[in-house]
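Hi everyone, thanks for coming. Please have a look at the chain on the screen, and then we'll walk through it together.

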Amino acid sequence: MAKRIIVIAEHFQSKIAPVTFELLACALELQRFGQGPINVVVLGDRIEDLAHEIAVTSGMEVTAIQNPNLKNYNGEIYKNILGELLPELSPACVCIAHTGQGWDFAPGLAIRLGAACVTGVERVFEEEGRICFTRPIFSGKLVADLRSASDPTIITVQPGSFKTASFETRTPGPVILRTTSYQPRQSRSLGAKSAKEESSGLTEADVIVSAGKGIGRKENLKIIERLAALFPKSAVAGSRSVCDSKWLDRNRQVGLTGATVTPKLYIGTGISGSTQHIAGMRSSGFIVAINTDPNAAIFNVSDVCVVEDLTTFVPVFIDEHEKSKA
Ligand SMILES: Cc1cc2nc3c(=O)[nH]c(=O)nc-3n(C[C@H](O)[C@H](O)[C@H](O)COP(=O)(O)OP(=O)(O)OC[C@H]3O[C@@H](n4cnc5c(N)ncnc54)[C@H](O)[C@@H]3O)c2cc1C
């Protein structure tokens, strides 16, 4: 029998994380290259309902691992349980989300299984009959192709890289429920809470004007705020570099480790377009990017590309707009 593709489902506060369905999309692509059946594994305390939800939505077989010590995520438990379970399922490839959880347990799990570990995968393709993976390097300025030389291969999949899988099936997949009582020895999870402070208004905004490091200095945020003010339901956001510099509050960061936004219009100013930033804004309705570098990666996902210095272009644009209004 062909070896399986395993998807480790991610969930938080009794909800399946959307990235789980992107992992399934990645698994379906791997299957196109001749890999075997897909099996979803979900771990947690009282996990049966979520397991059935995945089985009903995807029609795939789901193995639910129930552990009373998994009220909160614990990497040590994940590595131990999966280290024992996965060899039984004879995986060719194990798909894990490239998120805080995935980074935490995927490399240690790979060591336990004697597996290859390819992180931050954005694309899978076939070359000379072997499956290869593309991942960003140097903060997304370059991409690297890799071919795994061992079996199984653990991959962590970059959120936003695979379009959420849609399923036509009406037949739920089987759910296999297992119970373990493994107790962590090295660390205890004390619980998780939302890090969000007051609302940034990013999720409600129709238009988001986002500032990158290319704005040069904090004072230039005024230009960005003036541009945002042209639109009635707008908000100002920023890249991680801008939030790291404390030019904007952390709750205004867009991207993998910030907010995922879907405004009607997203204007990215002085943003290079790292994969981590794109992951948070690529589903916007219409994307405009302003950047002095004609090769900036953000232009690859933009509907309108403006190759200009934002500190001169944006004020001229606002003035022209005001003149035309008058
Ligand atoms: C695990 C991890 C998670 C991350 N999560 C996030 C995340 O959630 N969100 C995020 O944004 N990043 C995230 N990052 C960081 C990300 O990799 C990039 O470093 C960051 O997005 C770069 O920010 P930037 O585009 O503002 O700056 P830069 O990469 O420095 O780009 C500045 C851009 O401005 C342009 N520019 C310069 N001057 C001007 C001018 N006068 N006019 C117009 N254009 C100009 C330049 O050509 C350049 O393209 C993460 C990184 C890691 C490793």
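Let me start with a question: what separates K323 and E320 in helix α8? The answer is about one helical turn, because the two are three residues apart in that helix, which covers residues 310–325. Helices here are DSSP runs of H or I with at least four residues, strands are runs of E with at least two, and both are numbered from the N terminus.

Before going further, a word on where this comes from. This is a predicted model, in which local features need pLDDT of at least 70 and side-chain atom pairs count only at pLDDT 80 or more, while totals for chains, interfaces and linings use all residues. Residues are numbered from 1 along each chain as its sequence is written, and side-chain values use heavy atoms, with hydrogens and water left out.

Back to our pair. K323 and E320 form a salt bridge, with their closest N and O atoms 3.1 Å apart. By salt bridge I mean a side-chain nitrogen of Lys or Arg within 4 Å of a carboxyl oxygen of Asp or Glu. Side chains of opposite charge can pair when their charged atoms come close. K323 is exposed, at 57% relative accessible area, whereas E320 is partly exposed, at 45%. For these words, buried is under 20% relative accessible area, exposed is over 50%, and partly exposed is in between, using a 1.4 Å probe and protein chains only.

Now let's step back to the whole chain. How many helices and strands does the protein chain have? It has eight helices and 17 strands. Its radius of gyration is 22 Å, close to the 20 Å from the globule rule for 326 residues, so the chain is as compact as a globular protein of that length. That radius is taken over C-alpha atoms, and the rule is 2.2 Å times the number of residues to the power 0.38. Along the principal axes, the C-alpha atoms fill a box of roughly 70 × 45 × 40 Å.

Of the 326 residues, 51% are buried. Next, contacts, meaning heavy atoms within 4.5 Å. Among the contacts with a separation of 6 or more, 63% are between residues 24 or more positions apart.

Let's return to charge. The chain carries 34 positive and 34 negative side chains, and the centres of the two sets lie 4 Å apart. Lys and Arg count as positive, Asp and Glu as negative, and His and the chain ends are not counted. Each charge is placed at NZ of Lys, CZ of Arg, CG of Asp or CD of Glu.

How many salt bridges does the structure hold? There are 13. One of them brings together the side chains of E61 and R4, at 3.8 Å from N to O. This pair links distant parts of the chain: R4 sits in strand β1 (residues 4–8) and E61 in strand β5 (residues 61–66), 57 residues apart. R4 is buried, at 17% relative accessibility, while E61 is partly exposed, at 25%. Another bridge joins D244 and R250, at 2.8 Å from N to O. Here D244 is partly exposed at 42%, and R250 is partly exposed at 40%.

Next, the backbone. Most residues other than glycine have a negative phi, and most peptide bonds are trans. You can find Q13 in the loop between β2 (11–12) and β3 (15–16), and it is exposed, at 58% relative accessibility. E128 also has a positive phi, near 50°. E128 belongs to the loop between β8 (123–127) and β9 (130–137), and it is exposed at 72%. Then there is a cis peptide bond between D151 and P152, with omega about 0°. P152 lies in the loop between β10 (142–147) and β11 (153–157).

One last stop: is A211 buried or exposed? A211 is buried, at 0% relative accessibility, and its place is in strand β13 (residues 207–211). Leaving aside neighbours within four places in sequence, A211 is in contact with residues including L221, I224, V242 and I271.
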